Structure formats: C-alpha cells, structure tokens
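These are my notebook entries on one structure, written in the order in which I looked things up.

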Amino acid sequence: MPLPLSTKRLILRAPEPADLGFFVDLFADREAVRYIADGEPWSAERIRGQQKRKIDCLAERGFTLYTVVRAADGQVVGDCGLAPWENGRVEIGWRFARPYWGQGLAKEAARAVFEHAGRDLGLTELWCLVQEPNTASWRIAEGLGFRLDHTETWHGDRTVRIYNWNAGPERPAAAGHVRKS
C-alpha cells in the first residue's frame, strides 16, 4: 500500500489514535458538522469508535478515511478517503476543520484519493454523498468527474445528492474530461 499519499501541500496518512483530539474538536463544531449526517455534533465516544473503525478498515480492506495533514508543519486539518458501504459500494468523502476551508485543501486531498482509488486499489466505481446545500463539496465531486445519480431525503429533512463515478469504456478522468480506456 503506497501510504502516505502526498500532494503539493498535503500528506494523507493512516489514522492514528493520537488524532482523536483533533476529530473531537472538529465534530464538536456545529458549523463544521452542519452537512454531516444529521448536522449535530458528535460525542467523544462516537469519535473514538469512528477512529477505531477507520484504523480497522485500513487493516481489513486496504483503504479508509485517511488523516490529512499539512506537509509544511504536520498540522492535522481533516480527513479524506474511502469508506465501504454495506452493499459493497465504496464512497469517497472528506471532512475538514473550519480554519482550513476555502483553501482548496479538500479538492487537493479528494483528487489524490480519487487517483489512488483507481491506480493503487483498482476501484472502477465510487460513490459520493453530499447534502444539497453543501455546494463546495458537490462542486468537488463534479470536478472529479462524478455525475449526479439521484437525490434522497435522509435524517428526516435533509436532501442528499448521490453521485457516482464509474470507469466504464468512456471513463471521466479526474478533471472531468472523457478518457478512452
């Protein structure tokens, strides 16, 4: 497995128990979690369980939501990676703390994970879930070549855009251009 992944500004590495404090703070921030699940902050216990599942997923499946750190100083800024669904599908996702929004970091990390998924993991289909008002995230998904598959209502009243990317005979490249296989 070619971890860590790196970009011009970021390193995406395996999650560690020491990351817990950062993610407890991230998921306690109402603004930062407004488009995640039901939009409510998560407890430290829930985050601890999620960190364990992320570590276990990497060991069992060879991918996970990687911890994203700035290359310049090692500061954790969020996570970005892949998560399995119960139906066998794989989702790409990203979550960043508010101080790191608006800098293109999520887009940079998502592109690295997208390329890693095809190149290193051989995945030919990915899914992405984005709550309707989260225009920044659905623009990242569309920029990677994902296409809107459908919308659903989750958590009572939240419209979720379900995106799909499939490496068929005419596969969208990471920049959204068609590439012949």
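**Entry 1: D79 and its surroundings.** I began with D79 and left aside its neighbours within four places in sequence; D79 is then in contact (heavy atoms within 4.5 Å) with F23, K54, L65, Y66, T67, V68, G93, W94, R95 and F96. I noted that the model is predicted: local features need pLDDT of at least 70, side-chain atom pairs count only at pLDDT 80 or more, and totals for chains, interfaces and linings use all residues. Residues are numbered from 1 along each chain as its sequence is written, and side-chain values use heavy atoms, with hydrogens and water left out.

I placed D79 in strand β4; helices (H or I, at least four residues) and strands (E, at least two) are DSSP runs, numbered from the N terminus. Is D79 buried or exposed? D79 counts as buried, at 0% relative accessibility. Buried means under 20% relative accessible area, exposed over 50%, and partly exposed in between (1.4 Å probe, protein chains only).

I then looked up the polar contacts of D79. A polar contact is a pair of N or O atoms within 3.5 Å; within protein, one must be able to donate a hydrogen and the other to accept it, and residues adjacent in sequence count only if both atoms are side-chain atoms. The side chain of D79 makes one with the side chain of K54 at 2.9 Å and one with the side chain of R95 at 2.6 Å.

**Entry 2: the strands.** I followed β4 (residues 76-84) to strand β3; five bridges join the two, which run antiparallel. Two strands pair if DSSP finds at least two bridges between them. L65 has G81 in β4 as its bridge partner. In the hairpin of β3 and β4, five residues lie between the strands, and G74 takes a positive phi near 75 degrees.

Strand β3 (residues 65-70) also pairs with strand β2 (residues 10-13), in the antiparallel sense over four bridges. Here I found L12 opposite V68 in β3. Five of the six residues of β3 are buried.

**Entry 3: the core.** Which residues touch the most other members of the largest nonpolar core? They are L12, L82, W94, L126 and F146, in a core of 48 residues. Helix α3 (residues 105-119) gives the most to this core, with seven residues. A nonpolar core is a set of buried Ala, Val, Leu, Ile, Met, Phe, Trp, Tyr and Cys residues joined through side-chain atoms within 4.5 Å.

Not counting residues up to four places away in sequence, I listed what W94 touches: D79, C80, A106, A110, C128, S137, I140 and A141.

E108 and T7 are 101 residues apart along the chain, yet their C-alpha atoms are separated by 7.2 Å. Beyond its neighbours within four places in sequence, E108 is in contact with T7, K8, R9 and L10.

**Entry 4: the cysteines.** How many disulfides does the structure hold? I found zero; a disulfide is a pair of cysteine sulfur atoms within 2.5 Å. The sulfur of C80 has its closest cysteine sulfur in C128, and at 9.4 Å this is too far for a bond. C80 is buried at 0% relative accessible area, and C128 is buried at 2%.
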